[in-house]
Structure formats: C-alpha cells, structure tokens
Amino acid sequence: MPNHTYIIAEMSANHCGDIKLAKEIIKTAKEIGADAVKLQTYTADTMTIDCDRPEFKISDPKSLWYGETLYALYQKASTPWEWQKGLKEYAENEIGIELFSTPFDDTAVDFLETINVQRYKIASFEAIDIPLIEYAAAKGKPMIISTGICSKEEIHEAVDTCKKAGNNDITLLKCTSSYPAPLESMNILTIPDMIKEFGVKVGLSDHSMNIEPVIAAVALGASVIEKHFTLDRALGGADAGFSLNTQEFKEMVQAVRNTEKVLGHIDYSVNKNNRYLARSLYAVKDIKKGEPFTKDNIRSIRPSNGLHPRYYNKILGKTAKQDFSRGTPFNWDYIH
C-alpha cells in the first residue's frame with residue numbers, strides 16, 4: 001500500500017476563460033493539499049468538427065451540456081494553449097505544485113513536450129485511441145489512463161500499447177463517465193481486481209459529488225485520486241456542476257491523509273501500554289494453605305499481573321501452597 005496517495009486537482013474548464021482565476025485555482029489547490037493541478041490541452045478543432053448534425057450534439061436530457069454541439073462545448077471549455085507554459089511556470093516555480101495536462105491529439109503531445117510536463121493523462125474517451133496512447137507513451141513519461149468507457153479488452157490493449165512503446169510506468173484510473181456520477185455507479189471494488197488483472201498501479205478518477213468513493217478507493221489500494229476542483233461552483237464553468245469547491249476538496253484531501261494513517265501497515269504487535277488492562281487470574285477471596293482453588297475463589301479479571309486466563313481450568317481443583325489474600329495475582333509458586 002503506498003504511504004502517499006497522489007491527489008490531482010482537475011482544473012479543466014473551471015477557469016471560466018480567466019487566467020487570473022486559473023492562477024487562483026492553482027494557488028488554492030496547493031494550499032489545500034493537492035499534489036498536482038491538471039489542465040486539458042485541446043482545441044475544438046482537434047476534438048471534433050463544427051457540425052450540427054444530431055450525432056454532434058449532446059442528446060442526453062440529464063446531461064449538464066444537453067443540446068450543445070460538441071464543437072461549441074469544446075470552444076467554451078478549452079484552456080488556451082498560450083496560457084499553459086506560463087501557468088506551468090507559475091505553478092512549479094512560484095507555488096510549488098506540479099502542473100501537467102491531458103493531451104487529446106498528437107499536436108497537444110508535441111506542445112506539452114515543449115513545456116516539459118512530467119507526465120501524461122489520457123482521458124476516458126481517448127483511452128481507445130491507440131495511436132495517441134502510443135505517441136504519448138513513447139515520450140517515456142509516466143502515463144495515467146482513465147478507463148471510464150473501456151472494456152476489459154480495450155484496457156489491456158491500452159496497457160500493452162504503453163509497454164510496447166517501452167513505457168512501463170502506467171497508472172489506470174477506475175472511472176465512471178457520468179457527470180456527475182451517482183454513487184451506486186462507482187463500483188469501487190473493481191480497483192483491487194484491476195490491480196490484479198492488469199499488473200499496474202490503479203487509482204480513481206471520481207466525478208461524483210461525494211468524498212466517500214475516494215476514501216473507499218484509497219482503502220482498496222488506489223495510488224492516485226483525480227477530482228475536479230473549482231473555487232466556487234457559483235463561478236460557473238462547463239465542469240462546475242461536478243466539481244468540489246475549496247472546502248469540499250480540502251476535506252477530501254484530509255480524509256485521504258487520515259485514511260492513509262488508518263491503513264498503516266500490517267502489524268500484529270501488542271500495544272504494551274494498555275496490555276496491563278487485559279485479564280489474568282486473581283484470588284477473589286482469601287485462600288488458606290491447602291485449600292482447593294474453585295470458581296468461587298479464583299477468577300479471570302483485570303488487570304494482567306496474574307497468570308494467563310488459558311490456565312484457569314488447569315488450576316481449578318489444585319490446592320494452595322500457602323496462604324494468600326484476596327486481590328493477589330496468581331503465579332505458579334502458589335499452586336500444588
């Protein structure tokens with residue numbers, strides 16, 4: 001079990017097109033305990049085409065983006081590329097927190113190489129884009145891959161693609177690609193199975209509005225947690241509706257760190273400080289020399305100065321070698 005879960009604050013579109021707000025998100029993420037801030041590197045044109053055919057529109061009436069065209073959504077939600085070098089320098093040089101990004105095509109990978117990000121994250125919907133995974137993995141940097149829309153076979157394909165590119169530093173993220181994700185859809189028990197099935201590190205990309213999935217994930221072996229972060233949902237932004245605000249994210253980080261403490265390590269050692277409160281065998285009446293030990297005059301009680309309770313039945317019926325008073329702990333010298 002890792003002793004420090006890597007916590008990613010996903011900024012995504014929550015900067016609302018304001019670079020000052022983006023910097024404030026980075027600064028606050030550091031203050032509340034995140035290990036990294038993540039951006040997304042794409043343009044509307046690298047994601048899709050400007051088309052209003054039905055299949056290019058969000059058709060789910062429950063979606064936060066219902067009725068929008070994909071092109072318009074990505075135009076609104078994208079992070080300007082001209083910001084990203086400056087944001088990375090601000091994050092790492094002034095604030096002291098890692099900043100990296102999700103590339104959505106090869107041109108984004110090329111761009112992120114120029115600003116020297118330390119790792120790559122592949123989004124769930126791009127996790128079946130094998131050429132993209134191959135291209136990013138070949139850069140030799142740690143790969144984080146969300147699996148929200150992937151079959152088991154497709155996850156294996158993504159992992160194998162990284163390895164064939166010479167990259168074995170792979171973390172898969174259990175993910176439910178609903179926004180927000182209902183708790184009953186999370187199926188966090190999949191995480192230990194993923195660790196066994198794919199033989200790589202596994203974490204959680206959580207789109208729920210709760211912190212319980214994160215706590216459960218860490219308890220089950222997650223080494224990375226990714227969660228959308230906004231200073232205040234009232235600020236708006238395409239992803240605000242499934243992002244934690246400052247206080248919620250801070251509480252999540254603390255819950256993760258407390259969970260790590262609770263998990264600790266495998267330990268069968270005895271807490272000797274409180275061992276004295278354990279039971280042991282005592283005389284509970286005055287006992288005369290030659291008198292037999294019975295259920296009336298010896299008992300297993302606290303504290304632990306006497307013989308171990310396992311010897312209770314062995315002592316019953318034996319006789320006292322000497323007189324001793326009520327409250328005397330038993331030892332073998334008293335017993336015939």
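How do the residues of the lining of the largest pocket divide into nonpolar, polar and charged? I looked this up and got 18 nonpolar, 14 polar and 10 charged. For my own bookkeeping, Ala, Val, Leu, Ile, Met, Phe, Trp, Tyr, Cys and Pro are nonpolar, Asp, Glu, Lys and Arg are charged, and the others, Gly among them, are polar.

A note on ground rules: the model is predicted, with local features needing pLDDT of at least 70, side-chain atom pairs counting only at pLDDT 80 or more, and totals for chains, interfaces and linings using all residues. Residues are numbered from 1 along each chain as its sequence is written, and side-chain values use heavy atoms, with hydrogens and water left out.

**Pocket**

I then looked at the lining, which has 42 residues, with Trp65, Leu73, Tyr74, Phe125 and Tyr179 nearest the pocket centre. A pocket here is an open set of points on a 1 Å grid over the protein atoms alone, where a 1.4 Å probe fits, with protein on both sides within 12 Å along at least five of seven lines; lining residues have an atom within 4 Å of a point. Helix α3 gives the largest share of the lining, 4 residues (helices are DSSP runs of H or I, at least four residues, numbered from the N terminus).

**Backbone**

I found a cis peptide bond between Tyr179 and Pro180, omega about 0°. Another joins Arg302 and Pro303, with omega about 5°.

Ser12 is not a glycine, yet its phi is positive, near 50°. Ser12 is buried at 3% relative accessible area (buried is under 20%, with a 1.4 Å probe and protein chains only).

How values were computed
Helices (H or I, at least four residues) and strands (E, at least two) are DSSP runs, numbered from the N terminus. Buried means under 20% relative accessible area, exposed over 50%, partly exposed in between (1.4 Å probe, protein chains only).
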